[in-house]
Amino acid sequence: ITDVASTLPLDTFQRVDGRRVPYRPRPEWVDRPEPDRSVPRSDHFGMVLASLMIDGNAFVRVIRSPSTGEPVALSVLDPYRVTVRRDVRGRIEFVIDNGAFVVPEDDMLHITELRKPGQLRGVSRVDELKETLGLTGALEQFAARFFGQGSTTSGIIEVPGELNGDQAKALQDSFEVGHRGLRKAHRPGVLSAGAKFVKTGVDPNEAQMLESRQFAVESLARAFRIPPHMLQVTRPGAMSYASVEENARQFVTFTLLPYISKIEEAYSTLLPSQAFLRFNVDGLLRGSLESRYQAYSIGT
């Protein structure tokens with residue numbers, strides 16, 4: 001989501017007689033929003049989107065010109081360092097670093113992904129999904145220990161009667177000589193004197209480890225409205241549409257649009273009342289060459 005949305009082209013427009021025309025001159029902060037001019041625009045909006053998805057809040061400090069009061073730069077703050085409260089007059093203010101700085105509402109863009117009624121801060125999806133994320137982390141740790149530190153054997157050789165240490169080692173060595181290694185992995189084995197091979201290893205499929213990890217990926221995709229096929233989920237039914245164009249349209253409509261619409265609405269408040277900012281998603285919705293020429297022929 002961050003990679004795609006933060007690299008979309010954007011521009012400023014205004015309505016003139018019901019028509020949308022470019023708004024000029026375009027403010028400099030649209031192309032270089034950060035005070036540090038070495039930070040590109042894509043990184044700026046990437047930080048905004050990351051804050052929204054991780055914390056549910058994005059705080060963008062508006063830096064204004066001392067002489068004109070117009071915005072000249074925008075700085076994305078760490079959401080974990082910002083507290084939202086009301087002052088004695090009931091106006092919203094933003095407290096940074098436990099009171100080190102207090103920013104008034106007019107100098108801060110506060111974008112929330114989901115806000116509960118009566119709350120000043122947005123809801124974090126990570127907090128709401130902590131059980132799912134905890135399950136995913138536990139599965140990763142279990143898999144690492146299972147395959148990296150486990151002492152589970154693939155099988156044992158049962159022999160009736162008692163064997164001393166030398167006899168047991170000789171039987172083990174003779175069996176490994178014939179079956180250890182890739183080239184000998186599927187050779188048939190021969191055991192005598194009533195000995196038999198008993199499998200003791202745990203199959204990841206039988207332990208439902210693979211299914212559990214797959215379910216964790218799908219749960220996160222569902223939470224962030226990401227089509228499963230974009231997270232490399234290849235099981236049947238992961239792709240809803242047969243065409244690439246329809247899959248892209250679904251991603252733009254249900255995944256990107258809720259985020260970029262909130263960003264557009266917030267940043268447009270820094271422009272004059274008749275102007276607004278818009279991201280351009282046409283490149284993501286562009287069809288194949290064949291379908292585009294068919295559309296051109298129908299239009300003419």
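Me: Which residue in E8 is the bridge partner of Phe-59?

Reply: Happy to start there. This is a predicted model, in which local features need pLDDT of at least 70, side-chain atom pairs count only at pLDDT 80 or more, and totals for chains, interfaces and linings use all residues. Residues are numbered from 1 along each chain as its sequence is written, and side-chain values use heavy atoms, leaving out hydrogens and water. In E8, the bridge partner of Phe-59 is His-110.

Me: How many bridges join E3 to E8?

Reply: Strands (E, at least two residues) and helices (H or I, at least four) are DSSP runs numbered from the N terminus, and two strands pair if DSSP finds at least two bridges between them. E3 (residues 57-64) and E8 run antiparallel, and the number of bridges joining them is 5.

Me: And on the E4 side, which residue in the turn between E3 and E4 has a positive phi?

Reply: E3 and E4 run antiparallel, joined by 6 bridges, and Arg-61 stands opposite Ser-75 in E4. The two strands form a hairpin with 6 residues between them, and the turn residue with a positive phi, about 80 degrees, is Gly-69.

Me: Which strands stand at the edges of this sheet?

Reply: The open sheet has 3 antiparallel strands, in the order E4-E3-E8. Two of these strands have a single partner each, so one side of each is left without a neighbour in the sheet: they are E4 (71-77) and E8 (108-112).

Me: Which helix lies across E3, E4 and E8?

Reply: Look at residues 41-55. Running at about 145 degrees to E3, the helix that lies across these strands is H3.

Me: Which element gives the largest share of the lining of the second largest pocket?

Reply: A pocket is an open set of 1 Å grid points (1.4 Å probe) with protein on both sides within 12 Å along at least five of seven lines, and its lining residues have an atom within 4 Å of a point. This one holds about 340 Å³, and among the residues closest to its centre are Leu-109, His-110 and Ile-111. E6 (92-96), E8 and H8 (244-268) each give two or more residues to the lining. The largest share, 5 residues, comes from E8.

Methods: Contact means heavy atoms within 4.5 Å. Axes are lines fitted to C-alpha atoms, for helices over the stretch in contact, and angles run from 0 to 180 degrees between N-to-C directions. Grid points are joined across faces, edges and corners, and a volume is the space filled by probe spheres set on the points.
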